[in-house]
Each structure stands twice: as structure tokens, then as C-alpha cells.
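User: Please take a close look at one part of this model and tell me how it is put together. I'd like to know what it pairs with, what packs on it and how it relates to the rest.

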Amino acid sequence: MFSDLVPDLKAQLPALRGRLMANQSLAELTWFRVGGPAQILFMPEDQQDLAYFLSRAPRDLPVTVIGLGSNVIIRDGGVAGVVVRLGRGFSDVSIESGQRIRVGAAVPDVRVARAAQEAGIAGLAFMRGIPGAVGGALRMNGGAYGGEIKDVLVEARGVDRGGNIRTYANADMHYTYRHCGVVEDVIFTEAVLQGRAGDPAVIAAEMDKITESREATQPVKTRTGGSTFKNPPGQKAWQLIDAAGCRGLRIGGAQVSELHCNFLINLGDASAADIETLGETVRQRVKEHSGVALEWEIKRIGTA
Ligand SMILES: Cc1cc2nc3c(=O)[nH]c(=O)nc-3n(C[C@H](O)[C@H](O)[C@H](O)COP(=O)(O)OP(=O)(O)OC[C@H]3O[C@@H](n4cnc5c(N)ncnc54)[C@H](O)[C@@H]3O)c2cc1C
């Protein structure tokens, strides 16, 4: 348990409209279902409310943002400071002219893909394969089935730690594979994505194929964080993990998936430490076996 900072913060932020909750459990906000509490969980009402909070909150108060928690391990000791989670006020989807779609950062990627399909906008079906929300996709340069955010982003909007609302053109995001170069403390609030004209029935068929392929090759119905490690240039992380003999490896309640060995799964009673230790064990065995140092794709947040 952390000390309760909420009364002090409320006193400093009289015009705040969003919810502040002390010692709020985060496990159920993540796919792995593990980890300790947030010292404060903040759910801003809208972008203005978020900007107000960031401009007035003490500068030494750590701020972390999470989306749908599909790419994070929250460590067992929880997260000191404020964890921001965007909700209703960041959930708009609007179709714009020229096959563009404007989406709030809390919109699930699956919903973006569906809205684009219904509007006859092709090129965004790949988002059907990513179980996060737009904010996480912007930060991770999420990609699947031959597409990634870098290919479709026109611009993103975000709020920096000083509470300034900023717009980032595609080039300002400094995208590389599963990485965004914008300073870590920017919280994305909205994106404009560019597609191209397409036939809704053809796009729907493409999305169905993605759904089928994912269900056949990934443990999508388990407690997981998706791909644990980035693919090293020219290599597949899962092949290196398999070759190092790690498929099915267990530590405590955590296991390397038998179906897709770049996925770690919580068998039910894993701690965050079990999952992270398993990941580090895999890294070490792969290093010994093939000499390759795997890099975590999953973000590990908080204290052990
Ligand atoms: C079964 C499964 C399959 C997956 N398959 C894929 C795949 O095919 N391709 C792929 O790319 N990923 C995949 N992932 C990983 C994950 O879905 C993506 O990384 C996704 O983009 C994360 O979005 P999220 O909303 O869940 O973010 P979180 O997991 O909550 O956060 C991820 C990172 O983004 C940051 N973040 C979240 N929201 C914001 C915001 N508003 N502003 C700034 N930073 C933010 C967080 O601080 C954190 O660093 C998979 C995951 C699972 C569980």
C-alpha cells in the first residue's frame, strides 16, 4: 500500500473533473492479470482535463499511462505516483473526407478496423489483429499482418508533462520497429489515420482471415502480453526461443506458450515476478544458445 496522496492533490487541483483513486488495483486492467496497485489511478474526463492535471500536478510526481494493458507487466510492488487511464472522453471515432479516420486514444484498435471497414476505408484491417487501444498502438508502433501504425498515421495529438497539447506529424513520431521516438512522458490523446478507398465486403473478408489466423497461431484467449521480445533484425524471436529449448518452460505460475513460444502466459496464479523471471531466463538461454540478446517488447512498469 502507498500513502494516500489523493486529498492533497484534490486540494491543489480544484477544477479537476476526472476521477482520482488511491491504491487502485491494476491487475484487472491488464491482460496478464498480475501486479500491484497504482498509488493513484487518474481517469481524466477529456483532453482539457488531462492537460489541466499535468500542468498543475507537482513536477516530481511520476506519471505513467496505460491503455488496455495488452503489452505490459505491472510489477508486484505496484506503480508509485499517478497512473493515467483514458476512458470515455477519448473514445470518439469520426470518418473524415479523403479516406481518413479520426480516433480517440482510448478506442480499441479492433473498433478502428471495424469503423474503417464499414466506411469502405481499406488499409486499416491490420488493426483487427492488435488487442490494444489507439494510444498503445501509437506508442508501440503496433503492427500486424503486413501493416503498422507508421504506414497509416497522418498525425497524433498528445499532452506533454507540462500540460501542453501538441500535434505530432508522422515524421515527428520517429518510428522504428515497435518503437516511437517521442519523449516517454507524452500521453497521446488522438490520431488521424489515412486509408484508401476499398470495398467493405473485401475488407470484411480480410479481417475475418486475420481473426482466423490469430486464433490458430496465438494463445489469444489466455492471460498473456502478446510477443514478449522484438524480432532481432532478420530473425524470428520465437525460432530462437524454440531452438534454445524454452517452449513450455515454467517458472511458478508462468509458462512459455506451447502454441507460440514468444508468448508468455499466466497459468492462473503467476506473480509478475514469475513472468519477468521467466522472460529473463529465456533471454539468458537464447543468449547462451545463439549469442543473440533478445530485447523486451513488453513494457515492464513499477517496482518489484
Ligand atoms: C494476444 C496478443 C496479441 C498481440 N498481437 C500484437 C500484434 O500482432 N502486433 C502488435 O504490434 N502488438 C501486439 N500485441 C501487443 C499489444 O496489443 C500492442 O503493443 C498494443 O498496441 C498495446 O496497446 P495497449 O492499449 O494495450 O497499451 P498498454 O499495453 O496498456 O501500453 C503499452 C505501452 O504504451 C504506452 N501507452 C498506452 N497508452 C498510451 C497513450 N495514450 N499515450 C502514450 N503512451 C501510451 C504505455 O505506457 C506502455 O508503454 C499483442 C498483445 C496480445 C495480448
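Analyst: Happy to! Let's start where strand 2 (residues 37–43) and strand 5 (residues 79–85) run parallel, joined by 4 bridges. Within this pairing, A38 has V79 of strand 5 as its bridge partner. The model is predicted, so to speak of local features pLDDT must be at least 70 and side-chain atom pairs count only at pLDDT 80 or more, while totals for chains, interfaces and linings use all residues. Residues are numbered from 1 along each chain as its sequence is written, and side-chain values use heavy atoms, leaving out hydrogens and water.

Strands (E, at least two residues) and helices (H or I, at least four) are DSSP runs numbered from the N terminus, and two strands pair if DSSP finds at least two bridges between them. The two strands belong to an open sheet of 4 strands, ordered 1-2-5-3 with mixed pairing. On average, neighbouring strands here are turned by 35 degrees against each other, direction ignored.

Helix 2 (residues 47–56) packs on this sheet, touching strand 1, strand 2, strand 3 and strand 5, and its direction makes about 130 degrees with that of strand 2. Contact means heavy atoms within 4.5 Å; axes are lines fitted to C-alpha atoms, for helices over the stretch in contact, with angles from 0 to 180 degrees between N-to-C directions. Helix 2 also lies across strand 11 (153–159), strand 12 and strand 13, at about 50 degrees to strand 11.

That brings us to another sheet, an open one of 5 strands in the order 6-7-13-11-12, with antiparallel pairing. Its twist averages 15 degrees from one strand to the next. Strand 7 (residues 100–104) and strand 13 run antiparallel, joined by 5 bridges, and R100 stands opposite Q194 of strand 13.

Helix 4 gives the most to the shell, with 5 residues. Of the 34 residues around the ligand, V65, G67, S70, N71 and G143 come nearest. A ligand oxygen lies 2.7 Å from a backbone N or O atom of N71.

Definitions and conventions. A residue is near a molecule or strand if one of its heavy atoms lies within 4 Å of it. A polar contact is a pair of N or O atoms within 3.5 Å; within protein, one must be able to donate a hydrogen and the other to accept it, and residues adjacent in sequence count only if both atoms are side-chain atoms.
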